[in-house]
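Here is a short briefing for a first look at the structure below. Read the lead sentences, then take the topics in order.

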Amino acid sequence: ARPRVVVIGGGTGGATVARYLAKDSEGALDVLLIEPTRRYYTCYFSNLYLGGFWDYDALGHGYANLASDNGVNVVHDWAIGVDRDARTVRLGGGGSVGYDRLVVAPGIDFVEGSVPGWDVSSQHIMPHAYKAGSQTQLLKAQIEAMPEGGTFAMVAPPNPYRCPPGPYERVSMVAHLLKQSNPTAKILILDPKESFSKQALFEEGWQKHYSGMITRIGPDFGGNNVEVRPQTMEIVIDGEAERADVCNVIPAQKAGLIAADAGLTDDTGWAPVTPQDMRSRLDQNVFVLGDSSAQGDMPKSGFSANSQAKVAANVIRADLTGSRAFPARYSNTCWSLIADGDGVKVGASYEPSEDKISSVESFVSKTGEDTDLRRQTYEESIGWYKGITADVFG
Ligand code: FAD
């Protein structure tokens, strides 16, 4: 029989590794991808949907091409357990599948109790919209239903979390929408962090485009001491209750539950991997990709997950078929849209160092850039979206 690679999670990391393994091994490997949903909605560009720049449908991607054009065996089910001694994965629908190598790429889950008063059962009242799909639609509907002059509040997450600039791009897009439909509305950010990604760029943009609309409360003023009351739509900041019309709670994060369940995480809640190949430090036969992994300097992003997946695919193929393995190189860019045509970016290239993936060269947009350059940066991000979704889903 052909060696089998089982991939848990058909998101950005998992679908990429499955596609590259099947495509590049030309049938030498049996590649089985386990993913419960039939359509994957990208978190990337979901903020642009909130802002009115992107259609909801344009965020969705199916699995048909992975199966038909690339030879991936796609199983729509949950992985509910991993027996690493027997090298099998148990499926929610019953039965189990054996593997020679396992790739675990389940994205994120939330740390229970990290925002007192909130748990996943509150997500229908106070959405996180940090896994895309119906949560993103709910958040948008809530923003559109805000009363005139109402308050949109965001509880921002502590580090490390998925997409470092994501909450602040979201604030920009919500402000863009409200500026047109509800210009006296207010945005309140409650932030446990001293500082955040691309802060100078966002703050400059907020001042320029949305002056007076956005207030950020950092840890010095109680941003790290926040409780929510979903039933009354209240937020308690340092003991003082305030009402909000929309409350977007983005809790602290950890590796997707199945990674912990399989014993692949450490006490940080993330899954440690070796920087040369994304191989689990706890099991030679297992690789962990994307947001779930603890790898070093790379931010948790779709670009990173895709880049890590290609490195892992190359190594797994070499392991199982004797093909040549190339030295690992990784890269990432995170674009953010602040207002119409006002795009900014931050990025870096990375290489494995002794104990982690290390940043070797980085770049970031500058404050005061002219509008042509900002528009060009935005257009670059649209090209990236088209390119990456084709690279991931075929
Ligand atoms: P995911 O893409 O989340 O995939 C995980 C998959 O695993 C899911 O499909 C899930 O259904 C599946 N799964 C989970 N558990 C199981 C199980 N037990 N069995 C089977 N399947 C399972 N990144 C960028 O690069 N650029 C951006 O502009 C950008 N913007 C963002 C904006 C927002 C608002 C957010 C929230 C994120 C953004 N990101 C961006 C980050 C990006 O979406 C994630 O980093 C990326 O999706 C991580 O890929 P992943 O494969 O690790 O996880």
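Two residues are in contact if their C-beta atoms, placed from the backbone, lie within 7 Å. Helices (H or I, at least four residues) and strands (E, at least two) are DSSP runs, numbered from the N terminus. The model is predicted: local features need pLDDT of at least 70, side-chain atom pairs count only at pLDDT 80 or more, and totals for chains, interfaces and linings use all residues. Residues are numbered from 1 along each chain as its sequence is written.

**Overall fold**
- The chain has 9 helices and 24 strands.
- A compact globule of 394 residues would have a radius of gyration near 21 Å, and the chain agrees, at 21 Å. This radius is taken over C-alpha atoms, and the globule rule is 2.2 Å times the number of residues to the power 0.38.
- The C-alpha trace spans about 65 × 45 × 40 Å along its principal axes.
- Of the 394 residues, 48% are buried. A residue is buried if 20 or more other C-beta atoms lie within 10 Å of its own, exposed if 12 or fewer, and partly exposed in between, with C-beta atoms placed from the backbone.
- Among contacts with a separation of 6 or more, 70% join residues 24 or more positions apart.

**Ligand shell**
- The ligand is surrounded by 38 residues, and the closest are Gly9, Gly11, Gly13, Gly107 and Gly290. A residue counts as near if its C-beta atom, placed from the backbone, lies within 6 Å of the molecule.
- Helix 1 (12-25), helix 2 (46-51), helix 5 (166-181), helix 8 (302-321) and strand 22 (330-339) each give the shell at least two residues.

**Helix 8**
- Helix 8 is mostly covered, with 16 of its 20 residues buried.
- Its end C-alpha atoms are 28 Å apart, which agrees with the 28 Å that 20 residues should span at 1.5 Å a residue. The expected span is 1.5 Å times one less than the number of residues.
- Gly322 follows helix 8 with a positive phi, near 80 degrees.

**Helix 9**
- Helix 9 (residues 371-393) has 23 residues and reaches 33 Å from its first C-alpha to its last.
- Its buried residues are Arg374, Thr377, Tyr378, Thr389, Val392 and Phe393.
- Their cover includes helix 1, strand 4 (60-62), helix 3 (64-68), helix 8, strand 22 and strand 23 (342-352).
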